Every structure is written in C-alpha cells, then in structure tokens.
Amino acid sequence: MSDQSTSQPLRLNGGQALIKSLELEGVEVMFGYPGGAILPVYDPIIDSKIRHVLVRHEQGAGHAAEGYAHATGKPGVCMVTSGPAATNIVTPLADAYLDSVPLVCITGQVALPAIGTDAFQECDTTGITRSITKHNMLVTRAEDIPQAVREAFHIATTGRPGPVLIDIPKNIVDANNPDAYFDFVYPPEIDLPGYAPQVEPAPAAVREAVDLMKTAEWPVLYVGGGVLKSRGADALRQLAELGDIPVVTTLMARGAFPDSHELNLGMPGMHGNYTAVTAMQKSDLLIAMGARFDDRVTGRVGDFAPGAKIIHVDIDPAEHGKVRQPDVSVVGDCRAVMEAMLRELSAAGGSEAFADHSGWRQQLSGWQERYPLTYEKSQPGEYLKPQQVLEALRDGCPADTIVTSGVGQHQMWTSQYWRFDHPYTWINSGGLGTMGFSIPAAIGAKAAYPDRMVWAVDGDGCFQMTGQELVTASIERIPIKVALINNAYLGMVRQWQELFYDERFSEVHLSHDMPDYVKWAEAMGCVGFRVEEPEEIEVAIAKANEINDRPVVVEFRCLSDEKVYPMVPAGGSNDDIIVAPSQRADATGAAPSGPQSTVDAAQSEGDAQ
Amino acid sequence: MTAPMTENRELPHRTIVVLVENKAGVLARVADLFARRGYNIISLAVAPTNDDRFSRLTIVVDVESAPLDQIVKQLFKLINVVEIAELAPEAAVERELLLATVRAPQESRSQIIELVDVFEGKILAVSPDHLTVSLDGRPSKLDDFEALLEGYSIVELQRSGRIALPKIGRDVPRLRAVTEPS
C-alpha cells in the first residue's frame, strides 16, 4: 500500500478504503466480530495498525466501543456483520443514542443485488436503527466509502454526540469485484448542507442568563452529561466557585464536579440524596447545564422545582422546552456557554455581582447533616452490605480509577458511595438502563488506558448477560477487575416488588450459588475469589488490586433484601422522597416539605430494571 | 431573512415546507420521526424541486398532538433536513387535487355534471352508471365540493394532499431550531 503523498494514485478496493479511512480518522482500537457479509473488510485489518479486539458477542463490541468513548471523549468504533449481528448491536446503539455517546458502527450488508430479497443474514439495518442513531447510511458505491466515513465521524463527534451507523453491502468491498476498486482520496470537504450545530451561544441569551444568576438567592447548578461531553469541568468549577452556587451532578455527570468539593450536593433524582433532591425542589433558579430534565431526575414534572426559574443550556435545541419551558434558553456547547458566562460575570464584578448565598448554603448544610447517605452495617454471620463493599472498594483504589457499572441497585449504590473527584472516571448506562453494560464497557475503557485501574461493578443479573466478555478480556490481555455484588436477586425489581407489590416476589430470584461465579471466572481465564465475611472485604480488594496480568472477579456475597435509599417512587413528586429507615422518625416534620416516612401512598408506575 | 416561530395562531393545523437532501430514505426518516414522537400528519406531499439535489415536503401537521416548535426542532435534528418554512394560509398559494368516482345513474347524472361545472372541475371518464371527476384548487374549495358530492354515491375518492408556495412578494418566515432572544 503506497502512501497518499506519492504521485501514483492509491488504488484500493472498498474494504481497504474503509480501513484506510478509519486509520486517517485516527482510530487506534476497534471492537468487532466478523461474519459473512463483512468478511472482505476483515482481510485488510491484518495489515492495519489499528488494534481489533475480538469480542464474544456483538453487543459486547458496541458497549466496549461506548466504554472507550466515555473514557477518552474520542469516538468508539465497532464493526460487525449483517443480519443477526446488526440486530445484536441494536442495544448498544440505542444506549449510545440516549447517553449521547460518539460511536461509529460499521455493519456488513448483503450484496446490493440481494438487498430486498430476504437473502441469508439480511435485515433492514438502516431501517431498524433509524430511530436509535443520530444518523445512518447505506453506502452503495465503493468510491463513496471515504466520504461516508468522514461524515460519520464528523456527525458522531460534533453537536450533541451520538452513534452513526454505516451499512456496507458486501459487493462494494469485495476484492474479487473489479467495480469495487477506485483511486482512493480522503475527502477534505464534508457536504452536509442541513447540519450546522450551534456551538457558540447568542450573546444576548448569555446576558439574560447572567442577569438571572446575579439576582437568584437559592440557585442550583443542575449539571448533566453535556458538561462532560463538552470537556467543561474546569469552566463549571470556575462558575460554581465564582458565584458560590451549589451543584448537583446527575447520574450521567458524576465526576464533572468533584464530590469532595464543598459546593457539591451529590446526585439528584429517584435515588439521589436528600439534599440534592430537596435543593432543586426549593431553589429559585435552576441552571440546567447539559441536562435534559429526565423523568428519573424530575419525578412528577408538574411538581418539579415549582418555584424555580429555569436557565437551560444545551447544544441540542430540541431539548429546550421538551419537558420544562425555560425562562432563558441558551443553545450552545456547555463549555463555550460557561466561558461566555464567566467573561460576562467578571466584567460585572465577579463574585460581587451575585446575591449573598450564605443563608442558602447554611440551609443546605443543615439538610446534609440531617440526611446523609446512610446504611446499617451487617450483623455478624450475615452476608455483606453492598454499600460497605463499595465504600471499601472506593477507599482501596487510586483516585483516578475508572468505574463502570451495570444497571440496578449496584449502579445506584456505586454512584452514591463512590467519591468521583475526576471527570471521565464514571461510565454507566443512564438513559437506556442497559443491564450487562459494565464488563464490556470496562474492557473498552481499559483498552484506551492500559495503565489505569478499571473496575466493573456488576450485579449478578447483569453478570449473566455479558459475563462471557471476560474471555475477551483474558485473551486480549485487558486485565479489568469485576466487583460482583451477588445478592441472588434482580435486586432493583425485588425492591419494587417489596415496596409496591406487597412483597409478592415474582420471577426475581437468581440464587447465590448457581452459577458458581468463581469457577466461571476461572474457566474464563480470570482470577476468581469469593468474599463472605465483612473482615475479608479489604484484604480481597487489596489482593485484586495487585493482580495486573489477567482479569479478576471478586464475588461479594451480599444480603438480598438491602434497598436503595433515598427513593422517590416512580411518578411521584420529589417532595415525597423516602429516606432511609433510620432517618424516618427524625425526618417527620423536620424537613421543610415533610418527607414521607412511609411508602403507603407511593404509587408505582413506569418500570424497574 | 429569519424570524422566530409564530405561535398562538390557534390553528390546529399548520402547513410547513421542509427542504430535504434528495437522498435515499429521507421520507422514511421524516415519517419515522412523526410516528416515534407521536406527532400527527394531516397530509404530506413530496416531490423533487427544480434543483435535483433537494426535495420539498409539504406537510400539514396537527399542532394539537405536539407544539409546532418541538416538531420543527426535532425535524432539524435529521441530518438531511436543510430548511423549514411555515406557510400561513394568508401568505401562501395552496393547491390540491381531488379525484372521485361517483355512481351516476340517469336520474342524477345531469345534477352531478352541473355540480362539476359550477366548481370548474373536469369529467375524466364516463360509463353508463359512473363518472370519474377531478377538481383542483384551494383545499377549502375541495372540502366544499367533497361535501356536496357526498349527496351522491361516492365509489372512491382520493385527494393529493396540499402543495403550496409563498405568494409572490411575501416574506415567508424560515423557521429555525434556535431562536434568538428578542
């Protein structure tokens, strides 16, 4: 393969052109699984400097690419074949779409003349994925491949990031097809007349927002994943400190603002802590920064932060007014907007420009003291408390450890009890709530940063969905660590059945010892061990952290009936937050809105995962 | 020439003209978006423009199912959507075509022909018992004609959905996803 700079035209077939285009986009690692229709593209991979990680299921390829993208901010790349492989990667695409993860997914497709004939392993991939991708395309000519790749990376990474799928029929990448050859040129121009995301905010909108910020007495910065996507953590810290504005970080924004910072109130939402939830309810100004008023944050929308004016900052215009009509709408990249706000504010006198928030801060500290996150340690002879395991894990790992999680109780406990002091250390499935996310996502993150420690916190339900990717981790030498919170149940569903279905437990029991997770881990080339006693927790974590040559699975035998608190029942108002049992007697009447101490009135709607 | 979206016009139906790149699957993307977000389409007409890189969709949307503002913003998220404009009835020339086959026995045949004449429609086909008629014009004129035809026995009736262009010399507000504060 000659270099592009030579005068000879570079004659490539479609498959070679695809891989060459990925190289020119700076792709270092991709995750995939070959098969019939994509076979021709796998041949040039042998000669490419791109590292290809062979997963054990196409869903794993997609989540690994997501993990890579979350950790690095660079687009994750995955490649699979047509038909069942394409449908297997639908879940990661939907996940990436809801969490705005930049992803480029390449799928093989049957040869063009066979499209529409119900050919072997044919499915309408672009049709199926249309509503769960930011964009998708079916390429019909080999010479259009470089343009498609260029556009895909541009669309995936600019504006509100998201997944882009390129469907490639087999005949246009086939080395035996003379029509699949062309003179390769990587297009310098992109031609997207309808696509121009607004990055820089309108100055007038910024001024209006700043005017509201200056006079607010009980403001809260409601920080979402958009701050991380815009690499805006530094600007956020400056803004919060300048204005002495308390911050809540949503599930997608954990790490965007240091948990150890005195202005950080923690996570809001259904399982957010009392102060974060109540601060939003009582605030007079919510500055929504790259957040989308998700139902898990707002509770019943009509009762959400009733006295607050809203400044909504988001790069996606369609988020403005979708759930809650903002008083000031600022369309733009979060970092660009915060930097513009900072310029405006420093011209207006810096911290002097704001109202005094000391009373507000005092009230918040009062709630924090009264309603900290809490749990009761397990009794001797009992299985472990998951919170205790997670606190020990947090304290036993370096501060820059990357933590991924699956979906359910263990996810909420990790978000609650970990101390996220660095951006891009927390990787989870927020919007779609995809069980089985953590192990493949951890593989993606560890592939990006081989020298960082990467822990996947997983549940026993999740582990049984994607645990086989530990074979990938072993063979590809991507030594992630797994903290398996084994409580023998689909814990979050169990919690809902206990609280809202009269303890009628339907189809949620998984068993503590079937499968034998230690044997399974060993069979997959990992070190596996089991922890059953509280005093073994720290020793086990230290032992796991010393192993760097292969993946480790530490199974923590946990109590089955431990519940995640606080909790706002689905469809309920955030004012009806249920605190931990030990805080309830104290809570009655003491809190400004009187948090409910019982769950009798809690109506459940929606779903648990 | 941009303007903020005009709201509160209290019309349940609004006409928007969407310029899209003429690429495979674009119509499906637009239709999918309406279906997925629960927006109702009253009528839809689509054809290439005089510039073959683009097609124009004339969509009559039901703004009771969702605010026009959200519909427009979601449409703009489609990469192939280039431009959207709203055509208010007073600023637009609107046309639609109606075809109908009606039973026309001896005793009512002349009445139907008279009705078609009054509306300046055309008779396209004749058989001993049936007539196929056509009428083009403003949608409201077609509504009136259709209502009168219902007095006879309609076998089949098909309307094209409206197409529209701005009146000459009228500024048509181009809708934007982002509106500047006033």
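Two strands count as paired here if DSSP finds at least two bridges between them. Helices (H or I, at least four residues) and strands (E, at least two) are DSSP runs, numbered from the N terminus.

## Ground rules

This is a predicted model, where local features need pLDDT of at least 70 and side-chain atom pairs count only at pLDDT 80 or more, while totals for chains, interfaces and linings use all residues. Residues are numbered from 1 along each chain as its sequence is written, and chains are lettered from A and ligands numbered from 1 in the order in which they are written.

## The sheet in chain A

Let's start with chain A, where six strands form an open sheet with parallel pairing, in the order β3-β2-β4-β5-β7-β6. At the edges stand β3 (51–54) and β6 (135–138) of chain A, each with a single partner strand, so one side of each has no neighbour in the sheet. On average, neighbouring strands of this sheet are turned by 20° against each other, direction ignored.

Gly32(A) has Leu54(A) as its bridge partner in β3(A).

## Helices of chain A

Helix α5 (residues 90–98) of chain A lies across β5 (103–109) and β7 (163–169) of chain A, at about 145° to β7(A). Such angles run from 0 to 180 degrees between N-to-C directions, with axes fitted as lines to C-alpha atoms, for helices over the stretch in contact. Contact between two residues means that their C-beta atoms, placed from the backbone, lie within 7 Å.

Then there's a helix pair: α10 (residues 233–243) and α13 (residues 334–347) of chain A pack at about 35°, with axes 9 Å apart. From α10(A) come Ala235(A), Leu236(A), Gln238(A), Leu239(A) and Leu242(A), which meet α13(A) residues including Met338(A), Met341(A) and Leu345(A). The residues of this contact split into eight nonpolar, one polar and two charged (Ala, Val, Leu, Ile, Met, Phe, Trp, Tyr, Cys and Pro are nonpolar, Asp, Glu, Lys and Arg charged, and the others, Gly among them, polar).

Chain B has four helices and 10 strands, following the pattern β-α-β-β-α-β-β-α-β-β-α-β-β-β along the sequence. Its C-alpha atoms fill a box of roughly 65 × 35 × 30 Å, taken along the principal axes.

Where the chains meet, 21 residues come from chain B and 20 residues from chain A. On the chain B side, α1 (26–37), α2 (68–77) and β4 (81–87) each supply at least two residues, and α2(B) gives the largest share, six residues. That side of chain B divides into nine nonpolar, four polar and eight charged residues.
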